[in-house]
Amino acid sequence: MKTNKLLVMGITVAVAVFANACGREEPVDMDAVLSSPKAFVGSETCKTCHLEHYDSWKMTLHSRMLQDAQKNRDALIVPIEEKRIREDLAQLGDQLKVPADEIYVPAEDEILYTIGSQWKQRFLVRKEGTLYISPIQYNAETHRWVNYHEQDWQARPWLLKCGGCHATGVDLEKGTFSEPGVACEACHGKGSWHAALPKTAVFEKRETIVNPAKLTLGVAVQICGSCHNRGSATQHEGAGWPVGYEPGKALEAYYRSTSFEAGDVRHVYANEFSKGHHQQFIDWRQSRHYSEGVTCMSCHYVHQVGMPPTRSQTVSAGSKQCFECHVQVNRNLAHSIHSFANCLGCHMPRIAKSAESGDIRSHVFMTLLPADTLRDDRIPNSCQACHKHKDEDLKELQEKWETLAVIPSPRGRIVEEPVSYRFSR
Ligand code: HEC
Ligand code: HEC
Ligand code: HEC
Ligand code: HEC
Ligand code: HEC
Ligand code: HEC
Ligand code: HEC
Ligand code: HEC
């Protein structure tokens, strides 16, 4: 019965899409479309009408998060050479809970999907019908293999622990997902009704899909927060992602974020700044940007025709991103010490870890001073990413800072030249 309904709906969608692709609109039975259950149709279907969005989304990491390694061997960013892997693992010595020569290393053709490609890569294998994350990880920037849950990997099914953040349309009951990666419907919701309606039914089209730009800011940003977050599901025991959440819903009903206060010393510093990766939403919620309505989408594109080729899909590259809004920053006090204007260096220090510690940025946007670390050595500071020579004493750095940061830089007020004066010269 269920499969029949799905089949009928599938055909309805296929016919509508085909008709559209031919530039011809077949009459669509709207009631039939709207009375069938909403389902996932996949980004290839969205592509038939939104080619430009599809193209720019394809350029982003979202589309590449999970890749089918059987269909595309190039998804593997590194060859799986058992000897080399075991040599690297052996270097880890005491950190290993299973001896290096006993850790399970999958053969290359056992790998069904790759997870990630930018900072690190992990690999999915199937055991007794279930997908698991194999216990090895490749760190891209340092070119080394490390262990990953070598002792309990077979007790951690990927779909339950990670699935909803890396794939689209995950169904825990059936043990399936509709599409690998963070696809259109992860942010726009199930698209079967929208896709099946005729192109000319513009208003019905708009009403049957989530456009984050038309939600209130606070609700829209929770779409990003459904993945750029860490914690546990409230509606499903043991799940690491917000099972049941859909774009447009209130995330907190489905997910509880982690915190230092709740005892998560592994992923959060003592001042509640993130130590772990994919916690940008947790950081941002503590910032002034949050209270002023500056959201993820104020700084990041997820798809955009002519998207600038910046790192992390920011609207402008690096510190220029800050100048999109902070037109004028006082060149005095804290901002007078350096001869350069590396806003990110101080306000978004790399204190969180994806592959190796300190490769991911803080999103609280607050500068951490040496004094913060001196007060509590479980708290990092912004300065030591650069001031890290062994002879650089933290106390001295703080003292220098205190002396220099109170001295206003010797600049007079800028006096506008009257136009007439300028021409008379
Ligand atoms: C048959 C063509 C077609 C298909 C397939 C299609 N769309 Fe659309 N989409 C449209 C049309 C037409 C509009 C209305 C444009 C307008 O507002 O002028 C639209 C609008 C949208 C909007 C903006 C809605 C709004 O309120 O402004 C989003 C978001 C969207 N589509 C996403 C998707 C996604 C995601 C998929 C795949 C699940 C998809 N579309 C599949 C034709 C299509
Ligand atoms: C990571 C989340 C995310 C993914 C993935 C995503 N979108 Fe969007 N989409 C957004 C956001 C956010 C907006 C609103 C943009 C804004 O604020 O201007 C949007 C807006 C749109 C719009 C409305 C027109 C516009 O540009 O404002 C369309 C159409 C659309 N997306 C289609 C797609 C299609 C097709 C895909 C897949 C190929 C896709 N999106 C994938 C988040 C996403
Ligand atoms: C709550 C959502 C969420 C869960 C649960 C989650 N991740 Fe992620 N993961 C993300 C996000 C978002 C990123 C990218 C942002 C970042 O790393 O800060 C990411 C990044 C990664 C990367 C690095 C990607 C790259 O290109 O380098 C890997 C590998 C990864 N995750 C594996 C896993 C595995 C394995 C699990 C399950 C044990 C898991 N993640 C659970 C959201 C999640
Ligand atoms: C005020 C601007 C701003 C806001 C708001 C913002 N980001 Fe960022 N984000 C940046 C900048 C700048 C970078 C670093 C770019 C670079 O390294 O050149 C970045 C980097 C990232 C990265 C890449 C990982 C890293 O740390 O290098 C991810 C993922 C990310 N942001 C996600 C988010 C999410 C999700 C939100 C909302 C919760 C968000 N950002 C809010 C400016 C912002
Ligand atoms: C379904 C989960 C999911 C949702 C929803 C989601 N993301 Fe992501 N995002 C990820 C994952 C996973 C990655 C890492 C992809 C990879 O490394 O291959 C990522 C990566 C990123 C990056 C880093 C790209 C880079 O070049 O380093 C940015 C920026 C980002 N997301 C912003 C957003 C914003 C803004 C939103 C909301 C509009 C959003 N994401 C919604 C899961 C998600
Ligand atoms: C989309 C606009 C926008 C962008 C881009 C932006 N900001 Fe802001 N920022 C704001 C607004 C609005 C405020 C609040 C202004 C106020 O309180 O006067 C703010 C406040 C701040 C504050 C003050 C925090 C406090 O507690 O007083 C800092 C620090 C800051 N931003 C740093 C940055 C940095 C660093 C960047 C670049 C990564 C950046 N901003 C990018 C809009 C933006
Ligand atoms: C992006 C790298 C970077 C970051 C982040 C950084 N510094 Fe610096 N700092 C430098 C460099 C390089 C110099 C040398 C002078 C110059 O080029 O301005 C310097 C110079 C200084 C000086 C004056 C020269 C001296 O040693 O007598 C002080 C004081 C100082 N930094 C303190 C800090 C403090 C405190 C922080 C953290 C809030 C910090 N810096 C963050 C790179 C950095
Ligand atoms: C040497 C480290 C350092 C650098 C580099 C730096 N800032 Fe700051 N900034 C601070 C400190 C310290 C404060 C005081 C408040 C705080 O702790 O965040 C501050 C405050 C701010 C504020 C809050 C308003 C104000 O004036 O008090 C804004 C906005 C800001 N910075 C933006 C920027 C931008 C934009 C850049 C890049 C041009 C930048 N900062 C570079 C350390 C730095």
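# Worked exercises on a predicted model

The protein folds into 18 helices and ten strands, where helices (H or I, at least four residues) and strands (E, at least two) are DSSP runs numbered from the N terminus. This is a predicted model, in which local features need pLDDT of at least 70 and side-chain atom pairs count only at pLDDT 80 or more, while totals for chains, interfaces and linings use all residues. Residues are numbered from 1 along each chain as its sequence is written, and chains are lettered from A and ligands numbered from 1 in the order in which they are written.

## Exercise 1: burial and the nonpolar cores

Determine what percentage of the residues count as buried, and describe the largest nonpolar core.

Solution. Begin with burial, for which a residue is buried if 20 or more other C-beta atoms, placed from the backbone, lie within 10 Å of its own, exposed if 12 or fewer, and partly exposed in between.

Next, take a nonpolar core to be a set of buried Ala, Val, Leu, Ile, Met, Phe, Trp, Tyr and Cys residues joined through C-beta atoms within 7 Å. The largest such core has 40 residues, of which Leu124, Trp158, Ala233 and Tyr254 touch the most other members. Two or more residues of this core come from each of strands S2 (113-115), S3 (120-127) and S4 (130-133), and from each of helices H6 (158-166), H7, H10 (217-225) and H11 (280-284). The largest share, five residues, is that of H6. Another core, of nine residues, lies apart from this one and includes Val268, Ala352, Val364 and Phe365.

Finally, look at contacts, meaning pairs of residues whose C-beta atoms, placed from the backbone, lie within 7 Å. Leaving aside residues up to four places away in sequence, Tyr254 touches Ala233, Thr234, Gln235, Pro242, Val243, Gly244 and Tyr245. Across the protein, 54% of the contacts with a separation of 6 or more are between residues 24 or more positions apart.

## Exercise 2: two ligand shells

Identify the closest residues, the contributing helices and the residue classes around ligand 1, and then do likewise for ligand 7.

Solution. A residue belongs to a shell if its C-beta atom, placed from the backbone, lies within 6 Å of the molecule. For the classes, Ala, Val, Leu, Ile, Met, Phe, Trp, Tyr, Cys and Pro count as nonpolar, Asp, Glu, Lys and Arg as charged, and the others, Gly among them, as polar.

Around ligand 1 there are 21 residues, with Cys46, Cys49, Cys184, Gly191 and Arg206 coming nearest. At least two shell residues are supplied by each of H1 (2-21), H3 (43-47), H7 (184-188), H8 (192-196) and H9 (202-207). The shell is made up of eight nonpolar, eight polar and five charged residues.

Ligand 7 is surrounded by 19 residues, the closest being Ser339, Gly345, Cys383, Cys386 and Lys400. Helices H15 (343-347) and H17 (394-404) each give at least two residues to this shell, and H17 has the largest share, with four. Eleven nonpolar, seven polar and one charged residues form the shell by class.

Terms used: Two residues are in contact if their C-beta atoms, placed from the backbone, lie within 7 Å.
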